[in-house]
Amino acid sequence: MHHFNYRDNELYCEDVPIKLIAEKVGTPFYLYSHATLKRHFLAFDDAFDGTDRLVCFSAKANTNLAVLKLFANLGGGLDIVSGGELFRGLKAGITPEKIVYSGVGKRKDEIDYALSEGILMFNIESLEELEIINDRARLLKKKAPVAIRVNPDVDPKTHPYISTGLKKNKFGINTEAAIECYKIAGELKNIDVIGIDCHIGSQITEAEPFKDALNSIKALINELGGLNIDIKYLDMGGGLGITYDNESPPYPDEYAGSIIQAIEDMHVKLILEPGRVVVGNAGILVAKVLYRKQGKAKEFVIVDAGMNDLVRPSLYDAFHAIMPVVELEGEQIVADVVGPICETGDFLAVDRRIADFRQGNLLAVMSAGAYGFVMSSNYCSRLKVAEVMVRNDEFHVVRARQNYEDLIEGESIPPFL
Ligand code: LLP
């Protein structure tokens, strides 16, 4: 459940008419509901009630400082994949002891930054990375807390671009090699082995793949116990899917239930890295219709947001529902909703039955709170859009729309030109 609802034919975010925000802020803009963000975070966290756990929101899904600060206030930690995400997390007031650092390509400067801030743990993705982290920790006279990210080779049954736990994927270390890696890690002076980690993919809509991954991790933990390697943290990653169209992913309670049951007899602290499930349906993208045109084969609704603002439809063929901000009278039409970018792949919807949108109408691209703004770019020198957060009957611009000067910031013309 979210807080985007129609009242008297008009779409509201909590108690604010979206049309009003569009008038004040201009279009396009991302819009987040404070109540929905809070509710989704707490619903996920509460699902693990009674279990020793830490919910580390996966920053990559939405890194707006206001969003991160809200989760920090709720006691959340952060899952990061870059120095930039660490910087943002700290700025938002997330304590370093609640930050876990995943990713196959951590750079030395990023490792040093995380070590000096004292994060909870590094999720190691290769032997070479382990060795580099040991070196950096020695130079900084620290001990680096680590988990090994295991690739359990389970099929998450999701889009191939976002499945990560198959043996052909670049992520983690396969279960056989992981044991060897743990043994090596145990010998390294500046490494403190504290955990085990896996993340099998994203937008997963069944419970089975999580159970399969967990079984394989459990077996590994037992094997490690036999080698006197004590695992204190079990990081299950993220991946729980949401409803974009007619998917019916497990509810957090069901997802949590199967994990809790499986780890009952284990003495580990659980770490979870949810991204999409917390923010996905807490945000929308609001755009305006610029033109409508009838092509020979298709009808087009041309809007002021494009693939540079929301790339998911172009990149993954992802479905995002498109709703009118003020309900429209005419018969529904079937059309492509496209942006202003000079690429055929620049679409938000293809052959979609939608309202009879006309020039000037506002539309809401739903379920855009995760992997929306964060994946936007300045392609075609288009300005990054504003981000707005609503709380009850108030709204705040939590990121200003860029202006033309922002576009050339940092560029310079060399003297020889
Ligand atoms: N932990 C790790 C190590 C991850 O790589 C990810 C996502 C997450 C947690 C959070 O997963 P979530 O709960 O959001 O499924 N851009 C794509 C999704 C890429 C996901 C990358 N990793 C999309 O728009 O669908």
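D153 sits in the loop that links β9 (144-151) to β10 (173-174), where helices (H or I, at least four residues) and strands (E, at least two) are DSSP runs numbered from the N terminus. The phi of D153 is near 55°, a positive value in a residue other than glycine. For context, most residues other than glycine have a negative phi, and most peptide bonds are trans.

The model is predicted, so local features need pLDDT of at least 70 and side-chain atom pairs count only at pLDDT 80 or more, while totals for chains, interfaces and linings use all residues. Residues are numbered from 1 along each chain as its sequence is written, and side-chain values use heavy atoms, with hydrogens and water left out.

An oxygen atom of the ligand lies 2.4 Å from an N or O atom in the side chain of S202. A ligand nitrogen atom is 2.6 Å from an N or O atom in the side chain of E273, and a nitrogen atom of the ligand is 3.5 Å from an N or O atom in the side chain of H199. Taken alone, the ligand exposes 590 Å², and the protein buries 92% of that (Shrake-Rupley method, 1.4 Å probe).

How values were computed. Polar contact = N/O pair within 3.5 Å; in protein donor to acceptor, adjacent residues only side chain to side chain.
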